[in-house]
Amino acid sequence: QVQLVESGGGSVQAGGSLRLSCVVSGFTYRNYYCMGWFRQAPGKEREGVAAIDSAGSTSYADSVKDRFTISADNAKNTMYLSMNTLKPEDTAMYYCAVRLGFCFPRYLISNVRAPEKWGQGTQVTVSS
């Protein structure tokens, strides 16, 4: 059974950086998959942040483009989200998620129903 475990969240000041990790177990990297990061702030809907597919193609939400970078290390079964120039509005619970089979990264982050498996989340708090 596929399981995802996030880590790396914390509290930083605006302008700071964090790197989130998502370790995936029970998952044999196949020819096609999409993995991504979502976030949910209190009182707001969950939204897609960044996604990557098995070919290494990526997609980002406009709000994080040029500040966040998604990457995957298949040898370590780990996906990362490097977050730079953090803003208070980035404060949220961050979740990693995966959808098996062929998919476009843009599709994954545009549809919160698209992922098949979710992690438990890691909190990111950015103070001004």
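Does N77 count as buried, exposed or partly exposed, and at what relative accessibility? At 27% relative accessibility, N77 counts as partly exposed; buried means under 20% relative accessible area, exposed over 50%, and partly exposed in between, with a 1.4 Å probe and protein chains only. The structure is a predicted model, in which local features need pLDDT of at least 70 and side-chain atom pairs count only at pLDDT 80 or more, while totals for chains, interfaces and linings use all residues. Residues are numbered from 1 along each chain as its sequence is written, and side-chain values use heavy atoms, with hydrogens and water left out.

**Overall build**

- The chain has one helix and eleven strands; helices (H or I, at least four residues) and strands (E, at least two) are DSSP runs, numbered from the N terminus.
- Read from the N terminus, the order of elements is β-β-β-β-β-β-β-β-β-α-β-β.
- The radius of gyration is 13 Å, close to the 14 Å that the globule rule gives for 128 residues, so the chain is as compact as a globular protein of that length. The radius is taken over C-alpha atoms, and the rule is 2.2 Å times the number of residues to the power 0.38.
- Along the principal axes, the C-alpha atoms fill a box of roughly 40 × 25 × 25 Å.

**Surface and contacts**

- Of the 128 residues, 44% count as buried.
- The accessible surface comes to about 6600 Å², and 46% of this belongs to carbon and sulfur atoms. Accessible areas come from the Shrake-Rupley method with a 1.4 Å probe; for residues, only the protein chains shown count as cover.
- Among contacts (heavy atoms within 4.5 Å) between residues at least 6 apart in sequence, 61% join residues at least 24 apart.

- S21 is found in strand β3, residues 18-25, and is buried, with a relative accessible area of 14%.
- Not counting residues up to four places away in sequence, S21 touches V5, E6, S7, W37, T78, M79 and Y80.
- V23 also lies in strand β3, but counts as partly exposed at 41% relative accessibility.
- With residues up to four places away in sequence left out, V23 touches Q3, L4, V5, N77 and T78.
- Y80 sits in strand β8, residues 78-83, and is buried at a relative accessible area of 11%.
- Beyond its neighbours within four places in sequence, Y80 is in contact with residues including R19, L20, S21 and W37.

**Two loop residues with positive phi**

- Most residues other than glycine have a negative phi.
- N77, in the loop between β7 and β8, has a positive phi of about 50° although it is not a glycine.
- D66 lies in the loop between β6 (58-60) and β7 (68-73) and has a positive phi of about 75°, again without being a glycine.
- D66 counts as exposed, at 78% relative accessibility.

**Largest pocket**

- About 150 Å³ of space lies in the largest pocket. On a 1 Å grid over the protein atoms alone, a pocket is an open set of points where a 1.4 Å probe fits, with protein on both sides within 12 Å along at least five of seven lines. Grid points are joined across faces, edges and corners, and a volume is the space filled by probe spheres set on the points.
- The pocket is lined by 13 residues, of which R39, A41, K44, E47 and E89 are the closest to its centre; lining residues have an atom within 4 Å of a point.
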